[in-house]
Amino acid sequence: MLDQTPAKRISSSAFPLVLALAVTALAVFFLQRSILNSTGGVFMYPLDDPFIHMQVARNLAFNQIWGIVPGEFGSASSSILYTLLLTGIFKLTGVNVAVPFVLNCIAAFFLLLCIHRWLVRQGVRSTARAIVLLLVVVLVPLPVLIISGMEHTLQCLFFFLFLTRFSAWLAALGRSKTAIPVDVLLYALLLTAIRYEGLFPVAIASCLLLYHRKIGPAFLLGAAALLPVIVFGAASIAKGSYFLPNSVLVKSEGMEMSLRGIAAFVNNILVNKLTVTKAQGSVAGVPPPGISLLSAQRLLLILPLVWLACWTRLKTHRALGHMLALLLLSTLLHLALASTGWFYRYEAYLIAAAVVLVPAVLLKYTREDIMRFPKPVWGPALVLAFALLFPFVLRSSAAFTKAKQACVNIYEQQYQMARFLGTYYDKDVVAANDIGAISLYTNARVVDLWGLGSIEVARSKKGKYWTPAYLDSFVRAKDVKLAIVYDEWFDPALLGKWSKVATWQVGDNVILGGDTVSFYAINAADSGELQRNLQAFEAQLPAGVAVRYE
């Protein structure tokens, strides 16, 4: 499957790329058609998060404020660059909910194009390129990332570009000038600007440079990566917020600064993140990672095995060796310090790179060796391969099968909440724990009880005074008219201070923080009006929503 002639003599056929693009387009088309048929033609995403990005971008474009509420700074988005891209487009075209989808389609095209070109440079022939590209489409899985409308497709692209370009430059250091190329610095900056996890591979790359005694390039690379983080952090502090986005702080698992706290933190990493697939989420509102965690953990086995199988030959092709090392250590840091799961996206950039790198290395160096395996070895080898690779198949299958239903869940719950508020409470102050759709589709002033969009609530969580008494006094001080929440996320002592009027329950929940949302009047005097409004709106709800009044 490999041509041993120089890369420039390899067939330049674009068939593998065209095939991968066609398969991606068809998969996205059929997914979107099925989703639109189930939502009555309403364009929908499988997460509430794209609506948060769009609301922050809309506010920035037209109100010059980073937040979900006009006039209030709120660091609800954890992707600096993605929100800025949406802001620029909204400024030019106006707000359109399809923009994140289109951006992801463009990013997916360039991701497949860059992978194809890199495979050509590695000497991979046409058939093998087609297989690798199709594996990227199926196992990442790329169509699901596209319809998610988030920044993770761009993260896959920037990580792959940084991984390949930095590794090639580092391997050539002995034969070239030590000045770090501008494109490597650019990819490092883009990688951290698109997601904060980009700091992991850049930190590892900087350490590799220090190991090679390239002190200047190491610090220059680190500075490029830290630039967007520092600039945004300084602006955030100047606005009275934290250095890191609220979404990063609220969803993170903190470490208590004591011997017991440090021991618990380390134990959580060694047990729950590196060796065990958790059955339950450790943070309320964050779904358990399940098969996503298991797939990422498998990379800690697969990548070293590939290294061992090819290590003698990697000495002469150091770029691939650097890539394996960088990917392995990035996976380790991500598992230890970041999250997996939440609709198969947080670990996608690692899986995308592994799906390209592992086949390329094995095809380049071990194809002939594998074909010479004695017959008794084939059985155990196939069992080992199955055990290592099957989690990726399960993860991909789960992503494809749940994509439509996740969009239906958001449509039946978050979107209907927005329609209800837009009809009856469009100018009022409302409280909620899922803030995306209700912020984008209404003019209501949204108080985020979970802390992503409201700095006061985020500060109460970090300060350990996020209590029923505090939240109740907070919403009353904000003159909140009603709250729409998942009961299981909050202390009953808080909910008991308000008047519960009704619940909406959706079926077959695969993505929502809870299948049932409850409607509360903060003041008992408003409960009658709230019930009348809910009853009037009930006829407009999709058939899959069950309504119950208290």
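Modeller: Happy to! Let's start with a pair: the axes of helix α7 (residues 152-171) and helix α15 (residues 348-365) come within 9 Å and cross at roughly 50°. Helices here are DSSP runs of H or I with at least four residues, numbered from the N terminus. An axis is a line fitted to C-alpha atoms, for helices over the stretch in contact, and angles run from 0 to 180 degrees between N-to-C directions. Angles under 35 degrees count as roughly parallel, over 145 as roughly antiparallel, 65 to 115 as roughly perpendicular and the rest as oblique. α7 and α15 are therefore oblique to each other, and α7 passes α15 in a right-handed crossing. Right-handed means that the near helix is turned clockwise from the far one by less than a right angle, and left-handed that it is turned anticlockwise.

Before we go on, a word on the source: this is a predicted model, where local features need pLDDT of at least 70 and side-chain atom pairs count only at pLDDT 80 or more, while totals for chains, interfaces and linings use all residues. Residues are numbered from 1 along each chain as its sequence is written, and side-chain values use heavy atoms, with hydrogens and water left out.

Now stay with α15 and look at its other partner here. The axes of α13 and α15 come within 10 Å and cross at roughly 25°. That makes α13 roughly parallel to α15, and their crossing is left-handed.

Helix α13 (residues 291-314) also gives the most to a nonpolar patch, with five residues. The patch is formed on the surface by Leu301, Leu305, Trp307, Leu308, Trp311 and Leu384, with about 590 Å² of accessible area together. Patch residues have over 30% relative accessible area and no salt bridge; like charges are joined within 9 Å, and nonpolar side chains (Val, Leu, Ile, Met, Phe, Trp, Tyr) within 5 Å. A salt bridge is a side-chain nitrogen of Lys or Arg within 4 Å of a carboxyl oxygen of Asp or Glu. Areas come from the Shrake-Rupley method with a 1.4 Å probe, and for residues only the protein chains shown count as cover.

Within α13 you will find Trp307, which counts as partly exposed at 34% relative accessibility. Buried means under 20%, exposed over 50%, and partly exposed in between. For contrast, turn to Ser330 in helix α14 (residues 318-337): at 0% relative accessibility, Ser330 counts as buried.

Key. Helices (H or I, at least four residues) and strands (E, at least two) are DSSP runs, numbered from the N terminus. Buried means under 20% relative accessible area, exposed over 50%, partly exposed in between (1.4 Å probe, protein chains only).
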